[in-house]
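Please open the model in your viewer and keep the selection tool at hand. The tour goes from one selection to the next, and each stop says what is there.

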Amino acid sequence: MEVVITVIALLFLLFVVLGAYATVKVIGAAKRGVDRTISQARRTVEDTTLRAKTFTQPGPAGEIAQLRLTLRTSMRATQDALHSGVAEDESLKESLGLFERLSVHGRELDDELRRLESEPDKRTLSTRLPELRERTGRITQSADSLRWAARDRARRFAADDLDSLSEQIDVEAGALRHWTTEPGPTASWPEAPAPDTATSSDQTWPEPPRSRPVDEPPRSAITPPVQRATYPWQKKPRPESTT
């Protein structure tokens, strides 16, 4: 009885642990989903704000907003392209590592540009703009190179696979169209017998049987003897002597 109670207690404890683990996983997934949604919403708001500043704030402030928008757009597009491609192409892991190192410089530049947005000294902003443009251009150019290289690689793989598939389909289509009809037996005349030593002129053919008239009596197989006519100058035959 104690063993049964112990087993039941262990099963109950196991179910409780599994339920707690499942609850934690569900809560974590929900939290990550909420964080992802909040981050996307925040990025959307910031991008919209920066796009509005480029039109409403002329001068250095508007140009800084444009630099931030260009940097964020390029880095986000490269990140999405590499993360989506690494699941199918393992060789992109190295490119993803390089992008993570580039992202460090990108975040530093974005933070610096964010602080300069509220800088009241326009002269200082004007003197800093060439260096900021150069840094932004280098980072975005590197990010664009990684992104387009990954896309070209994926497109090349897709083209190679399509070429191979097209060749296989052409071979299969040719096999399906190739049919052979075996010739059936043809009627032929029997071969003539080998010629004998006699020439063709000596060869005789049996005459076909003639049809007999209906009124003609049938001939007997043995012909009866024919009685010869007697003449006066012939002697009468003597009878044979009985003696």
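Begin by selecting Thr140, which counts as buried because its relative accessibility is 10%, under the 20% limit used for that word. Keep in mind throughout that this is a predicted model. Thr140 belongs to helix 4, which covers residues 122–177.

Next, show what surrounds this residue: when residues up to four places away in sequence are not counted, Thr140 touches Thr70, Leu71 and Ser74.

Once its neighbours within four places in sequence are left aside, Ser74 is in contact with Thr140, Ala143, Asp144 and Arg147.

How do helix 2 and helix 4 pack, and at what angle? Helix 2, residues 60–86, packs with helix 4 at an angle of about 15 degrees, and their axes are 9 Å apart. The two helices are therefore roughly parallel to each other, since angles under 35 degrees count as such, and the crossing of helix 2 and helix 4 is left-handed.

For the last stop, select Trp148 and Arg151: the charged end of Arg151 sits over the ring of Trp148, at 5.1 Å from the centre of that ring. If you go on to look for aromatic pairs, the count comes to zero.

Notes
Residues are numbered from 1 along each chain as its sequence is written. This is a predicted model: local features need pLDDT of at least 70, side-chain atom pairs count only at pLDDT 80 or more; totals for chains, interfaces and linings use all residues. Side-chain values use heavy atoms; hydrogens and water are left out. Helices (H or I, at least four residues) and strands (E, at least two) are DSSP runs, numbered from the N terminus. Buried means under 20% relative accessible area, exposed over 50%, partly exposed in between (1.4 Å probe, protein chains only). Contact means heavy atoms within 4.5 Å. Rings of Phe, Tyr and Trp (its six-membered ring) pair if their centres lie within 6.5 Å; planes under 30 degrees apart count as stacked, over 60 as edge-to-face and the rest as tilted. A charge sits over a ring if NZ of Lys or CZ of Arg is within 6 Å of the ring centre and within 35 degrees of the ring normal. Axes are lines fitted to C-alpha atoms, for helices over the stretch in contact, and angles run from 0 to 180 degrees between N-to-C directions. Angles under 35 degrees count as roughly parallel, over 145 as roughly antiparallel, 65 to 115 as roughly perpendicular and the rest as oblique. A crossing is left-handed if the near helix is turned anticlockwise from the far one by less than a right angle, and right-handed if clockwise.
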